Amino acid sequence: MELAKRDDVPVELTWDLSLIYPTEEAMLADAQKMKELSLSMEASYKGNLTDAATINHCLDDYQESTV
């Protein structure tokens, strides 16, 4: 099964993303920030989540990024 392109889906069946992002550029900017954050968190924590303090720091970093 192939995923339909947004242009091929009736408008009433699509999400109104303008309620979340005023422009496509704003959405793409957030997507880029999340990509950079995930790479940074991987570099900082991959292989290092071995104790409660480090896990808590990782969760704190994640929580701050979602605000």
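How many salt bridges are there? I counted two. I kept in mind that this is a predicted model.

**Entry 1: the salt bridges**

I looked up the pair Asp30 and Lys33 first. Their side chains meet in a salt bridge, with 3.5 Å from N to O. I then checked where the two residues sit: both lie in helix H1, three residues apart, about one turn of the helix. Side chains of opposite charge can pair when their charged atoms come close.

I also noted the exposure of both partners. Asp30 has a relative accessible area of 28%, so I list Asp30 as partly exposed. Lys33 counts as exposed because its relative accessibility is 53%.

The other pair I looked up is Lys46 with Glu42. The closest N and O atoms of this salt bridge are 3.6 Å apart. Lys46 is exposed, at a relative accessible area of 61%, whereas Glu42 is partly exposed, at 39%.

**Entry 2: helix H1**

Which kinds of secondary structure does the protein have? I found two helices and zero strands. H1 covers residues 24-45.

I compared the length of H1 with expectation. Its 22 residues should span 32 Å at 1.5 Å a residue, and the end C-alpha atoms are 31 Å apart, so the two values agree. Within this region I took the pair Glu24 and Met41, which are 17 residues apart along the chain; their C-alpha atoms are separated by 26 Å. Glu24 lies in H1 and is exposed, with a relative accessible area of 55%.

After H1 comes Gly47, and I noted that its phi is positive, near 80°.

**Entry 3: helix H2**

H2 has 14 residues and reaches 20 Å from its first C-alpha to its last, close to the 20 Å expected at 1.5 Å a residue. At the start of H2, I found a side-chain oxygen of Asp51 within 3.2 Å of the backbone nitrogen of Ala53.

Lys33 of helix H1 and Ser65 are 32 residues apart in sequence, yet their C-alpha atoms are 9.4 Å apart.

**Entry 4: the nonpolar patch**

Which residues form a nonpolar patch on the surface? I list Trp15, Leu17, Leu19 and Ile20, with about 540 Å² of accessible area together. I looked at Ile20 separately. Ile20 lies in the segment before H1, and its relative accessible area is 59%, which means that Ile20 counts as exposed.

**Entry 5: overall dimensions**

Of the 67 residues, 6% count as buried. The protein exposes about 6,200 Å², and carbon and sulfur atoms supply 58% of that area.

Terms used: Residues numbered from 1 in each chain as written. Predicted model: local features only at pLDDT ≥ 70, side-chain atom pairs only at ≥ 80, totals over all residues. Heavy atoms only, no water. Patch = residues over 30% accessible without salt bridge, like charges linked within 9 Å, V, L, I, M, F, W, Y side chains within 5 Å. Areas by Shrake-Rupley, 256 points an atom, 1.4 Å probe, with all protein chains shown as cover. Salt bridge = Lys/Arg side-chain N within 4 Å of Asp/Glu carboxyl O. Helix = DSSP H or I, 4+ residues; strand = E, 2+ residues; numbered from the N terminus. Buried < 20%, exposed > 50% of the residue type's maximum accessible area, 1.4 Å probe, protein only. Expected span 1.5 Å × (residues − 1). Polar contact = N/O pair within 3.5 Å; in protein donor to acceptor, adjacent residues only side chain to side chain.
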